[in-house]
Amino acid sequence: MRILIVEDEPRLARTVADLLREHRYAADIAPDGPSGLDNALTGIYDAVILDVMLPGLDGFEVVRRLRQQGMRTPVLMLTARTEVGDRVCGLDSGADYYLTKPFSSEELLACLRALTRRQGEQTENVLAFGDLRLELASCLLVCGARSVRLSRKEFEILGMLMARPGRVVSKEQLLLKVWGYESDAEDNNVEVYISFLRKKFQHIGSAVTIRTLRMLGYQLEAGRQV
Ligand code: CA
């Protein structure tokens, strides 16, 4: 799971990022409101940890604009202030959870678990497209009676394509989702994993294909293979 941390205090941002990485989350940091919003709008994050007091745009405005764009990514709001008014404002603006600074590591991790679990319940535990079913808990790709287990990276890539049925997903989106901002992975890493996925589709006899759109990205197609 990939988490975006929007926090302008570098030390706190790093502490939270380190904590998340210790617990096997991937974490990226945005230091202000506008870059936080831009990053969150890429759609590659499973949750956003959002400070309220931020340069550029405050946290309330970031989450409001995120929801305005139809993004349902769970948002955990952080604030140093404890007034009830802020809590209400945060929830009204579309935040899912509210955590008051200072908070313990355990509190933060518990909130994050609750948030990502809630998202899982909303989106069910299986993604389906054409004759394919992707079981999220086990990374198992199923077609009729046949199935194959996906590697973590294959799973992340196919999950992103299946969550956007019929839409084009760019190489850059896949690269960010799977390898992250700090990685020096190249476009052809995506190509390699797309070719692994195509082989696995064939292996389990699926009619689904991954179409390459030059300069644009990839798209799933349900039709029969020729
Ligand atoms: Ca702040």
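I began with Asp 8, which counts as partly exposed because its relative accessibility is 31% (buried is under 20% relative accessible area, exposed over 50%, partly exposed in between, with a 1.4 Å probe and protein chains only). I note that this is a predicted model, in which local features need pLDDT of at least 70 and side-chain atom pairs count only at pLDDT 80 or more, while totals for chains, interfaces and linings use all residues. Residues are numbered from 1 along each chain as its sequence is written, and side-chain values use heavy atoms, with hydrogens and water left out.

I then looked up the calcium ion, whose protein donors are Asp 8 (OD), Asp 51 (OD) and Met 53 (O), lying 2.1 to 2.3 Å from it (donors are N, O and S atoms within 2.8 Å of the metal, or 3.2 Å for Na, K and Ca; water is not among the atoms, so sites may look incomplete). Asp 8 sits in the loop between strand S1 (2-6) and H1, and Met 53 in the loop between strand S3 (47-51) and helix H3 (59-68), so the pair ties together parts that are 45 residues apart in sequence (helices, H or I of at least four residues, and strands, E of at least two, are DSSP runs numbered from the N terminus). Met 53, at 51% relative accessibility, counts as exposed.

Turning to H1 (residues 10-22), I found Ala 13, Val 16, Ala 17, Leu 19 and Leu 20 buried. They cover an arc of only 160 degrees around the axis, which puts them on the same side of H1 (the arc is that of the directions from the helix axis to the C-beta atoms). On the other side of H1, I found Pro 10, Arg 11, Arg 14 and Glu 22 exposed.
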